[in-house]
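Here is a friendly walk through some ring pairs and helix contacts. Please have a look at the model first, and then read on.

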Amino acid sequence: MSAPTGTGAVAPVDERVPLRRLLPLSAQHVLAMVAAPVSTVFLTAGALRLSPGDTASLLSAVLVLCGAGALLQSLGVWRIGAKLPFVMLPGGAATALFLQIAEDHGAATATGSVLLAAALLLAVLPLYARVVRLFPPLVMGVTVLLIGIAMVRVAAQLIAGNGAQPAQPRAVVLAGLTVAATVGAYLLLRGVWRQTAVLIGMAAGTLLAVVTGLGEFRPAEGSGFSLPALLPYGAPHFDLLAALPLLLFSLTTLAEITGQTVLNSESAGRVPDPGRDVPRVARADALVSLVGGLFGTSLMVTSAENIGIGRLTGVRSRFVTAGAGVLLVATGLLAPVSRAVAGIPAAVVGGSSLVVYAVIAVLGVEMLRRADLGGGPAEGTGSMVAALALAAGLLPLLSPGLYDGFPAWVRTVLGSGVVAGTLTAVLLSALLRGRGGPDGPGSRGTSDGPG
């Protein structure tokens with residue numbers, strides 16, 4: 001628990017909220033974040049061609065894990081969870097990498113990669129201060145931008161279908177209408193409703209599909225309560241080279257977690273202490289991800305996107321996000337809910353995913369804008385690092401067969417745009433840091449990590 005304020009009052013983060021206010025406040029948090037797990041699940045289901053029943057099971061697992069993660073981060077157990085008002089989501093960028101591994105090596109290998117990445121995150125926490133310096137804003141910006149681009153490509157494939165035949169015009173039209181509905185909701189609505197624009201767009205797209213005949217709504221069969229399926233893709237297969245994209249991503253999350261933890265601490269009225277709280281947040285992420293891997297999900301990540309609701313309502317209590325966690329677990333176990341949304345047409349999911357993952361690419365651009373692209377011993381050194389890293393990352397996306405003649409391990413490393421770009425950025429950034437390059441001595445940029 002946080003120490004009381006100087007006047008003896010309880011800190012806002014530890015405020016106990018009466019039940020009559022707790023329920024609606026917690027429901028707001030659920031509405032604000034539920035679009036991310038729903039859209040991520042349907043992108044995964046479409047890319048892996050899961051049946052409606054398997055899709056419903058995956059959605060149930062993700063919602064339960066999101067709820068368990070919110071409870072763990074909000075309430076804390078031992079040194080797991082920072083006791084801050086956080087919620088947990090399936091990482092959009094991590095899902096892109098998960099699907100890429102599944103496409104190249106199979107879903108079982110993707111599951112094994114999630115388990116390896118979560119274990120790596122736990123293992124490096126004692127070295128947190130050193131590892132986080134490898135991923136300054138310049139490197140993070142390149143990584144997130146490449147992930148967003150790769151994810152948009154996957155979303156486009158979801159709209160196009162299995163690729164055996166040309167994309168159906170009605171699927172493209174339906175996806176476009178879904179995007180239009182999402183943008184319209186975002187522009188016209190305010191507050192928590194604006195934050196659910198993706199869900200509103202999916203609902204509108206599904207309704208248009210049924211009314212116009214552009215698609216079909218087929219809920220999965222079943223009723224009552226259900227438990228998620230364990231190991232839905234079979235026994236995990238462990239391949240370190242195949243897992244490299246997720247292994248690198250799990251390390252980059254330390255920089256993101258640092259920034260989110262400081263921001264959330266300040267917003268909740270607690271003095272930031274990254275050295276204490278960041279490892280606790282990361283442990284909760286890793287443990288929930290380990291469980292999630294067993295139920296077919298990608299890495300689960302703590303999100304600070306609910307901070308806006310706290311600022312809007314003036315309530316910054318961690319018990320509100322804990323209440324949201326309880327609601328998410330209950331929703332995930334209600335089979336009718338998950339089975340109904342499992343019937344959403346693939347083109348609608350693809351249209352919504354285009355919006356969600358294009359935003360990830362824009363976040364990467366914003367990170368690069370905040371980085372010191374002009375710093376270093378020579379003017380423009382940061383720009384050169386970013387340029388070479390983006391070139392290395394875009395090559396396998398623009399020319400997929402470029403490395404076909406190389407050994408398998410080379411294809412695995414360089415054939416992944418995210419891995420190739422991130423490794424290039426890390427190596428060049430580290431090389432120049434010692435000479436006063438990007439984010440090094442004398443650089444104008446700042447790192448998200450501790451000093």
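This is a predicted model: local features need pLDDT of at least 70, side-chain atom pairs count only at pLDDT 80 or more; totals for chains, interfaces and linings use all residues.

Residues are numbered from 1 along each chain as its sequence is written, and side-chain values use heavy atoms, with hydrogens and water left out.

**Aromatic pairs**

You will find two aromatic pairs here. Rings of Phe, Tyr and Trp (its six-membered ring) pair if their centres lie within 6.5 Å; planes under 30 degrees apart count as stacked, over 60 as edge-to-face and the rest as tilted. The pair of F98 and Y233 is tilted, because the planes stand at 45°, with the ring centres 6.4 Å apart. This pair links distant parts of the chain, 135 residues apart: F98 belongs to helix 4 (residues 92-105), while Y233 sits in the loop between helix 10 (197-212) and helix 11 (240-267). Helices here are DSSP runs (H or I, at least four residues), numbered from the N terminus.

The other pair, Y403 and F406, is edge-to-face, at 5.9 Å centre to centre and 65° between the planes.

| Residue | Relative accessible area | Class |
|---|---|---|
| F98 | 1% | buried |
| Y233 | 17% | buried |
| Y403 | 15% | buried |
| F406 | 42% | partly exposed |

**Helix packing**

Helix 3 (residues 52-75) and helix 14 (residues 318-333) have axes that come within 7 Å and cross at roughly 160°. Axes are lines fitted to C-alpha atoms over the stretch in contact, and angles run from 0 to 180 degrees between N-to-C directions. Helix 3 is therefore roughly antiparallel to helix 14, a term for angles over 145 degrees. Contact means heavy atoms within 4.5 Å. Among the residues that meet are L63, G67 and L71 in helix 3 and A322, G325 and V329 in helix 14. The residues of this contact divide into 13 nonpolar, seven polar and one charged; Ala, Val, Leu, Ile, Met, Phe, Trp, Tyr, Cys and Pro count as nonpolar, Asp, Glu, Lys and Arg as charged, and the others, Gly among them, as polar.

Helix 10 and helix 16 (residues 346-370) pack at about 155°, with their axes 9 Å apart, so helix 10 runs roughly antiparallel to helix 16. V198, M202, G205 and T206 in helix 10 meet V348, V349, S352 and V356 in helix 16.

Methods. Helices (H or I, at least four residues) and strands (E, at least two) are DSSP runs, numbered from the N terminus. Buried means under 20% relative accessible area, exposed over 50%, partly exposed in between (1.4 Å probe, protein chains only). Angles under 35 degrees count as roughly parallel, over 145 as roughly antiparallel, 65 to 115 as roughly perpendicular and the rest as oblique.
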